[in-house]
Amino acid sequence: MPEVFAELVGQDEAVDTLRRAAGAAAAVLRAAGTHPTAASDPTGGTGPDGGTDPTGGAGPGPGAGMTHAWIFTGPPGSGRSMAARAFAAALQCVHGTGCGTCAGCHTTMAGTHADVRLVVPEGLSIGVNDMRALVLRAASTPSGGRWQVVIISDADRLTEAAGNALLKAIEEPPPRTVFLLCAPSTHPDDISVTIRSRCRVVPLRQPPPDAVAEVLVRRDGIAPDVAEWAASAAQGHVGRARRLAGDPEARTRRDAVLAVPRRLTGVGAAFDAASALIEAAEAEAAATVAETDAAEKAALQTALGAGGTGRGAAGAMRGAAGQIKDLEKRQKSRATRAQRDALDRALVDLAGFYRDALVTALRAPVAPVHTDTVAMARAGAEKWDAEGALRRLEAVLECRAAIEANVKPKIAVEAMMLALWKG
Ligand SMILES: [Zn+2]
């Protein structure tokens, strides 16, 4: 396995920061080993702006460059959670560098390190009970003798109560615990101002298509021409590029979305296209969650035991009904999230098409997003002109914003399709 930061495509600045922090963290552990008293508060503990924080001008002592709470920000697909995981590996690396080969690196990257916890919200938000349990476990002494690392992959999906539980832990951090939060931005909608003020921010940028293509070729062994096409079509989203390059079903779904513009021939066709888009997102989401749902339900039924009679059985059944209800609620919430994610990917593809039509109409010297629908984009540009292409692009972006603001997806998509047809 190569060095852990090699996974981060086109993020030189962030990688620099993280490498330095990992080195500083290793120095803290070394210092703690030789001077046991230093172990009581190795990271300084009061946050990046606090006076005793080793990163804030405390000089080149052990710990400079390291702090206990971080936020990784960047657009979807820029590799926020990958950056957090690589940093976690570097913290657990026995060489303190993220060598990629030692047991610390290896188990962290594989997701099996005992002192690294990854929280992936399954529903629309991360609840307070999950967060409390997590904070409690994160306070324990690291079994590997290095750091307890907690990665929260979508910190913007914390409920307010869960955010408060997390804030408390970040304000009074256990000496060897490091929190790594991932969020689209540090806007107050994404992360509370108080949590933000306690964290160091690592901004990630949208990687350029050629950097994404390069990693697909090097790491995944994908043919260069396919990698180039997928990187461009995925618009800087590394995971999406990999799926497009390797999963025929993902390509079929994308083709169906990009066929929408030429199918919009009237009001009826616009409504049909809206239904088709929503149904496709539902089907894709159902396929993603079906396996996990079934496994969870089977596991719960086994845990509860099938049936049972005699004293106490009635009470046990009442408890069981509650647990099943809880599970169903969680699964429903996860399915809704998966549907929204699938629909959003479709809208991003569609926006890319109208963006291509717009730049063609403007004769702008920039590369198209969808290299395989260039002819269709040119036809659109001729028919609509720059202004019409721009109006359609805006209709797609408005639809995304409306769904984000909780407008019912069917209503938002129907309005968009009508706008795309009328122009
Ligand atoms: Zn290592």
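## Close-up views of a predicted model

**View A. Helix 8 and the residue that follows.** In helix 8, which spans residues 224–233, the buried residues are A227, W229, A230, A231, S232 and A233. The model shown here and in the other views is a predicted one. Just after helix 8 comes Q235, whose phi is positive, at about 50°.

**View B. E214 and E228.** The C-alpha atoms of E214 and E228 are 8.1 Å apart in space, while the two residues are separated by 14 residues in sequence. E214 belongs to helix 7, made of residues 209–220, and with a relative accessible area of 44% E214 is partly exposed.

**View C. The zinc site.** Four cysteines supply the protein donors of the zinc ion, namely C93, C99, C102 and C105, each through its SG atom and at 2.3 to 2.4 Å from the ion. The angles among the 4 donor atoms run from 103 to 115°, and the site of the zinc ion is tetrahedral. Along the chain, the donors of the zinc ion are arranged with the spacing C-x5-C-x2-C-x2-C. How buried are two of these cysteines, C93 and C99? C93 has a relative accessible area of 0% and is buried, and C99, at 19% relative accessibility, also counts as buried because the limit for that class is under 20%.

**View D. The aromatic pair of W70 and F87.** Across the whole structure, a search finds 3 aromatic pairs. In the pair shown here, the ring centres of W70 and F87 are 5.0 Å apart and the planes of the rings stand at 70°, so the pair is edge-to-face. W70 lies in strand 1 (residues 69–73), whereas F87 lies in helix 2 (residues 80–92), and the pair therefore ties together parts that are 17 residues apart in sequence. Both residues, W70 and F87, are buried.

**View F. A nonpolar surface patch.** Which residues make the nonpolar surface patch of about 240 Å²? The patch is made by V267, F271 and W421. V267 is found in helix 12, which covers residues 267–304, and at 40% relative accessibility V267 counts as partly exposed.

View G. R363 is a residue other than glycine, yet its phi has a positive value near 50°. The place of R363 is the loop between helix 13 and helix 14, and with a relative accessibility of 75% R363 counts as exposed. N406 is not a glycine either, and its phi is positive at about 75°. The loop that holds N406 runs between helix 14 and helix 15 (409–422), and N406, at 57% relative accessibility, counts as exposed.

Conventions: Residues are numbered from 1 along each chain as its sequence is written. This is a predicted model: local features need pLDDT of at least 70, side-chain atom pairs count only at pLDDT 80 or more; totals for chains, interfaces and linings use all residues. Side-chain values use heavy atoms; hydrogens and water are left out. Donors are N, O and S atoms within 2.8 Å of the metal (3.2 Å for Na, K and Ca); water is not among the atoms, so sites may look incomplete. Four donors count as tetrahedral if all angles lie between 85 and 135 degrees; four count as square planar and six as octahedral if opposite donors are over 155 degrees apart and all others between 65 and 115; anything else is irregular. Buried means under 20% relative accessible area, exposed over 50%, partly exposed in between (1.4 Å probe, protein chains only). Patches are made of residues with over 30% relative accessible area and no salt bridge: like charges are joined within 9 Å, nonpolar side chains (Val, Leu, Ile, Met, Phe, Trp, Tyr) within 5 Å. Accessible areas come from the Shrake-Rupley method with a 1.4 Å probe; for residues, only the protein chains shown count as cover. A salt bridge is a side-chain nitrogen of Lys or Arg within 4 Å of a carboxyl oxygen of Asp or Glu. Helices (H or I, at least four residues) and strands (E, at least two) are DSSP runs, numbered from the N terminus. Rings of Phe, Tyr and Trp (its six-membered ring) pair if their centres lie within 6.5 Å; planes under 30 degrees apart count as stacked, over 60 as edge-to-face and the rest as tilted.
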